[in-house]
Amino acid sequence: MCVCLWACWCAKAQILYQEVMVGDSVTNISLTLRYQHLTDLPLVGVLRRGHACIDWTLKGALTVPPTVIDYDGTPYPILAVGFHAFYKCVGLTGVTLPPTARLLGYEVFYGCSALTEVRLPDSLLIVGERAFCGCPSLRRIVVPCAVPPRCAADAFDASSFRQALLVMPQGCREAYRAAEPWCRFQRIDEGEEAQMPSAPVDYDYWQRKKEAMETLHADERWRKPQRVEDDVNWTAMVSTSQGNIPMVFSTRRAYHMAVAGSGVAGECCIDTTFAGTLTLPDSITAPDGRRMMVGGVAMNAFSGCRRLQGVDFPRHMEFIDSYAFADCQSLREVVFPEDMREILASAFAGCTSVRRVVTLAPTPPDLFVDAFDDRTFSTATLVVPEDAMEAYMATDAWPLFPYRMENY
């Protein structure tokens with residue numbers, strides 16, 4: 001009985017919603033409250049890669065509220081912005097963060113192409129990796145911190161260092177000039193005076209908090225197998241509409257699976273001139289003699305196969321990595337098997353001929369909002385299991401296939 005009550009309390013505490021103003025419209029921001037050993041951070045974000053906390057098509061400037069209200073009415077100050085909190089929110093033009101925020105996770109504003117101005121709080125201590133990458137319109141960054149926040153070297157694009165104006169507190173120019181990567185901004189200015197911290201700050205504590213947030217809660221439903229040093233690549237023959245052809249596979253030994261492709265950027269697993277349909281095997285024999293199921297498609301595995309017309313996935317296929325089918329311009333239909341769990345960013349970017357997307361999975365796979373091009377989302381027909389329609393419509397990305405939903 002106590003266990004059930006505790007589980008119910010945790011579920012209620014994890015995700016709450018609060019109406020806020022974005023541009024000229026009122027919408028819901030997902031405010032997630034998590035607990036790590038009873039001392040977790042109240043934060044903004046749903047903590048799932050590729051899933052933003054607001055409707056990514058909303059336009060205008062956003063002010064993040066300073067508190068999250070627990071289910072029992074208790075307010076908690078927002079201390080962090082979780083990873084991918086505003087991922088690919090292409091309509092955002094400006095963001096003002098709450099004065100209590102201490103850290104930004106990785107890629108929090110990644111791909112916010114319309115973002116022109118960001119006002120960071122003076123409480124900020126940590127800025128994560130690629131936090132503002134893919135923001136080509138960024139022109140003004142206000143950082144009122146007397147001590148420069150610790151910032152990942154790749155938090156900003158090179159274009160931001162050239163074009164954006166960094167506004168720092170009065171008298172802090174030398175401090176920012178001596179700190180990476182703030183010293184790389186070519187345009188700087190001084191704003192209002194800032195108060196020095198009244199007590200020493202434990203940066204290492206907040207760095208550990210950031211890392212715990214990103215590792216313990218990321219991909220709770222599925223953690224994509226990563227390559228390790230003892231993984232190997234090899235070539236095997238696979239069946240196609242034109243006969244058997246060689247294809248590169250690689251092992252994920254820690255997960256007892258094989259994947260199509262090597263996972264190395266720029267390396268396609270088949271001859272890019274191949275034309276027709278191929279069938280991936282359910283399992284395959286690795287060089288050490290072990291039989292492994294084929295559980296995924298690696299990064300760039302079929303990228304650039306412009307004459308590839310179709311792929312039959314095995315039932316136990318679980319993930320499709322980034323850019324796996326990028327620029328497969330002849331691909332017209334994609335059928336995801338029952339065990340599919342995750343389709344990552346730009347997996348089908350440039351697949352301009354896709355007109356039908358079928359998913360046999362009763363539980364909606366995690367679909368990144370940019371897994372397909374906007375054109376595909378607007379023109380392709382999505383087919384889902386009849387009893388799973390409601391579940392698919394409750395996700396962030398699957399409803400981007402509008403008015404053409406079908407059941408099977």
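A residue is called buried when its relative accessible area is under 20%, exposed when it is over 50%, and partly exposed in between, with a 1.4 Å probe and protein chains only. By that scale E190, at 29% relative accessibility, is partly exposed.

The structure is a predicted model, in which local features need pLDDT of at least 70 and side-chain atom pairs count only at pLDDT 80 or more, while totals for chains, interfaces and linings use all residues. Residues are numbered from 1 along each chain as its sequence is written, and side-chain values use heavy atoms, with hydrogens and water left out.

**Overall architecture**

The chain holds six helices and 29 strands, where helices (H or I, at least four residues) and strands (E, at least two) are DSSP runs numbered from the N terminus. Of its 408 residues, 51% are buried. The accessible surface of the chain comes to about 18,200 Å², and carbon and sulfur atoms account for 51% of that area; accessible areas come from the Shrake-Rupley method with a 1.4 Å probe, and for residues only the protein chains shown count as cover. Among contacts (heavy atoms within 4.5 Å), residues 24 or more positions apart supply 54% of those with a separation of 6 or more.

**Salt bridges**

Side chains of opposite charge can pair when their charged atoms come close. Here a salt bridge is a side-chain nitrogen of Lys or Arg within 4 Å of a carboxyl oxygen of Asp or Glu, and by this rule the count comes to 13. The table gives three of these pairs.

| E129 | K210 | 3.0 Å |

The salt bridge between E129 and K210 links distant parts of the chain, since E129 sits in the loop between β11 (126–127) and β12 (140–142) and K210 in helix α4 (residues 203–216), 81 residues apart. K210 is buried, with a relative accessible area of 2%, whereas E129 is partly exposed at 29%.

Helix α4 also carries D204, whose partner R150 belongs to strand β13 (residues 150–151), so that this pair too links distant parts of the chain, 54 residues apart. Both side chains are partly exposed, D204 with a relative accessible area of 43% and R150 at 41%.

R173 is partly exposed at 32% relative accessibility. Elsewhere, E107, R130 and D154 are linked in a network of salt bridges.

**Strand β14 and its neighbours**

Strands are taken to pair if DSSP finds at least two bridges between them. Strand β14 runs parallel to β12, to which three bridges join it, and parallel to β15, to which four bridges join it.

**A buried loop residue**

S353 is placed in the loop between β25 (342–343) and β26 (356–359), where it is buried, with a relative accessible area of 18%. Leaving aside residues up to four places away in sequence, S353 touches Q329, S330, L331 and R332.
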